[in-house]
Amino acid sequence: MKNGVIKEVFEMIEKHKVRMVDLKFTDFLGQWHHFSVPVHELTEKSFEVGFPFDGSSIRGWKSIDESDMFVVPDPTTAFIDPFIEVPTISMICNVYDPITKEKYERCPRYIAQKAEAYLKSTGIADVAYFGPEAEFFIFDDVRFDQNTHQGYYYIDSAEGQWNTGRDDKPNLAYKVRYKEGYFPVPPIDSLNDIRNEMVMIMEQCGFIVETQHHEVATAGQGEIDFRFAPLVKCGDNVMLFKYIVKNVARRRGKVATFMPKPIFGDNGSGMHCHQSLWKDGQPLFYGDGYANLSKMALYYIGGILKHAPALCAFTNPTTNSYKRLVPGFEAPVNLVYSYRNRSAAIRIPATLSPAAKRIEVRFPDGSCNPYLAFAAMLMAGLDGIMRKIDPGEPLDRDIYSLSPSELEGIRSTPGSLDDALRALEQDHNFLLMGDVFTIDVIETWIKYKWEKEVNQLRMRPHPYEFLLYFDV
C-alpha cells in the first residue's frame, strides 16, 4: 500500500514536471512551516529517513542543545502547490526525534494520530469524523504596532459599514450592515469571486467543497465548508484550507485572517466542529433518543460538556478567543445541548438520514491547532462514553433571551484564556488515556501560553484604558 502511494508521488512529479519538493509541518501552536529541496533529493528512501531541520527554532519545541530533528513526508498528502512559481509538489510531514527514531511527542499531527489509534483500541469505534466550519475575514488593509509608548491596530475593508461616508470619488455604497452579512447577493457581497477562486483551488488540491458564502459580520467575513474526514485527515485539511484562503487573498491584494475577534461590535469568527463516530461502516450516533441520538452520542456530549472548560485551552487557545466568547452576545458560551438551536454550545443538526447524524460543537474557533483541538474533543467524548456521563436535559429555547434567574445553574465556557489554562491544569487526566497527550505536552502548552501570551498581554496598556482611566 505504502509503496503504491509513493509510486503515485513520483508519477505526479513526472506528469507535472515538478522541480521542487516542499515539506510542510505544523508547529506546537498550529502554524504551518516549510522548507524545500530540489526534486532530485527526493527518493524512495526519503519516506523512511526524511530530511533534517533545526527544531530549536520552532516555538515550544527543542532547546538549542538538542536541536537536530527530521521530517518524514507522508506520501498520501501530496499535492501540486498552486502558489509556488516553480512547479512544486508539497507534502505534509511527520516530525521525528533523531535519537529515539520515534515520532516527536510534541508534534501535533502525532498526537492526532495517537488519538485515532486510541479510539480503535477501545473497541468503541474505528473512525471519528470531523467537519469544521472555519469562518474568516478578508480585509483590504491591516496595520498594528505595540511598543513602549504606543499601541494601536487599524483595520479597513471596502465592505465595512463604517465606510458609508468615506469620500472614495465615487463611494459606490452597498456596504454590509453590522450583523446583516449573511447571504446577501453581489454587489453587497463584493467577495464572491475571491471565495469562488478559493473553492476552485481547494478542489484542485483534493477537497470536496460543499458551500461558500458571506458570513454575518460586515467587512468581508466569509465561510467555505468542505466535506468531513477522519480526524488526522481533517487536521491536514484545515492546515491546507488556511494556506489556500490566505494565499488567494494575498494574490488578490487583500489579507485573510482566522483571528476570532478582529472587529469590535460585530460577530467574531468561530469554527463549529461537526463530529461523529462510526464502526464497521455504520454510524453510531443515530438512535431512538432525544433528536434521534443514540445513548453513545448523548454520553459523548456529556463528556464534551463536562470537560469543556479544559478543552477551551486547545479549542479556543488565544487571548483574543475570549473577546468572542462573551456571555450575552452571539457566541455559544452556554454549556448545554439542543436540537437545531444555535444558541447552545452543542447543537444537534436536523438530518434526514442515520448516516448524517452528528453533533456540532460550536464554541471552538479557527485560531486553534486543529490536530490538538480535534484530538482533545475526541478524548473528552470517549471519556463521556466510557464513564457514561449524563449530559443532563437539553435546553430547547433561545438561550440568549433567558433572564438572569433562568440562566442560573447553566455553566459557561471560561471567560479568559487564564481561566481555560487553569481548568486544563485541574482537568487533564482524560487527555492522558492511551498516552495520546502526555504530561510534557500539557505542561509545555500551559507554560508557553502563560509566558508568551497571557502575561505578555497583561503587561501592556490597552488603548481603551486611556479612555477609562487617563483622567483619574
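This is a predicted model: local features need pLDDT of at least 70, side-chain atom pairs count only at pLDDT 80 or more; totals for chains, interfaces and linings use all residues.
Local features require pLDDT of at least 70, side-chain atom pairs count only at pLDDT 80 or more, and totals for chains, interfaces and linings use all residues. Residues are numbered from 1 along each chain as its sequence is written, and side-chain values use heavy atoms, with hydrogens and water left out.

Aromatic rings come up first. The structure holds 23 aromatic pairs. Rings of Phe, Tyr and Trp (its six-membered ring) pair if their centres lie within 6.5 Å; planes under 30 degrees apart count as stacked, over 60 as edge-to-face and the rest as tilted. Y182 and F183 form a stacked pair, because their ring centres are 4.0 Å apart and their planes meet at 15°. Y182 counts as partly exposed, because its relative accessibility is 47%. Here buried means under 20% relative accessible area, exposed means over 50%, and partly exposed lies in between (1.4 Å probe, protein chains only).

F314 and W445 make a tilted pair, since their ring centres are 5.0 Å apart and their planes stand at 35°. F314 belongs to helix α6 (residues 295-315) and W445 to helix α12 (residues 439-458), so the pair ties together parts that are 131 residues apart in sequence. Helices (H or I, at least four residues) and strands (E, at least two) are DSSP runs, numbered from the N terminus. Both F314 and W445 are buried.

Some rings gather in a group. One aromatic cluster is formed by F136, F207, F226, F241 and F258. Other rings carry a charge. A charge sits over a ring if NZ of Lys or CZ of Arg is within 6 Å of the ring centre and within 35 degrees of the ring normal. The charged end of K24 sits over the ring of W32, at 5.7 Å from its centre. K114 lies over the face of Y110, 4.7 Å from the ring centre.

The nonpolar interior comes next. In soluble globular proteins, nonpolar side chains tend to be buried together. A nonpolar core is a set of buried Ala, Val, Leu, Ile, Met, Phe, Trp, Tyr and Cys residues joined through side-chain atoms within 4.5 Å. The largest nonpolar core has 127 residues, of which M198, F241, L277, L378 and F437 touch the most other members. Contact means heavy atoms within 4.5 Å. Leaving aside neighbours within four places in sequence, F241 is in contact with A134, F136, M202, F207, I224, F226 and F258.

Helix α10 (residues 417-426) also has buried positions. L417, D418, A420, L421, A423 and L424 are buried there. The elements that cover these buried residues include α6, α7 (321-324), α11 and α12.

R362 is a charged residue in the loop between β18 (359-361) and α8 (370-387). R362 counts as buried, because its relative accessibility is 7%. A polar contact is a pair of N or O atoms within 3.5 Å; within protein, one must be able to donate a hydrogen and the other to accept it, and residues adjacent in sequence count only if both atoms are side-chain atoms. The side chain of R362 makes such contacts with the side chains of H272 (3.4 Å) and E360 (3.2 Å). Leaving aside neighbours within four places in sequence, R362 is in contact with H272, R324, P332, R342, A344, A345 and R347.

Cysteines were then examined. The whole structure contains 0 disulfides, a disulfide being a pair of cysteine sulfur atoms within 2.5 Å. The closest cysteine sulfur to that of C93 is in C107, 9.5 Å away, which is too far for a bond. C93 is buried, at 2% relative accessibility. The sulfur of C234 is 7.6 Å from the closest cysteine sulfur, in C273, again too far for a bond. C234 is buried, with a relative accessible area of 0%.

The peptide bond from K169 to P170 is cis, with omega near 5°. P170 is placed in the loop between β9 (151-156) and α4 (192-204). P186 and P187 are joined by a cis peptide bond, with omega about 10°. P187 also lies in the loop between β9 and α4.

D280 is not a glycine, yet has a positive phi of about 50°. D280 is in the loop between β14 (271-279) and β15 (282-283). D280 is exposed, with a relative accessible area of 64%. D435, not a glycine either, has a positive phi of about 60°. D435 is in the loop between α11 (429-432) and α12. D435 counts as partly exposed, at 46% relative accessibility.
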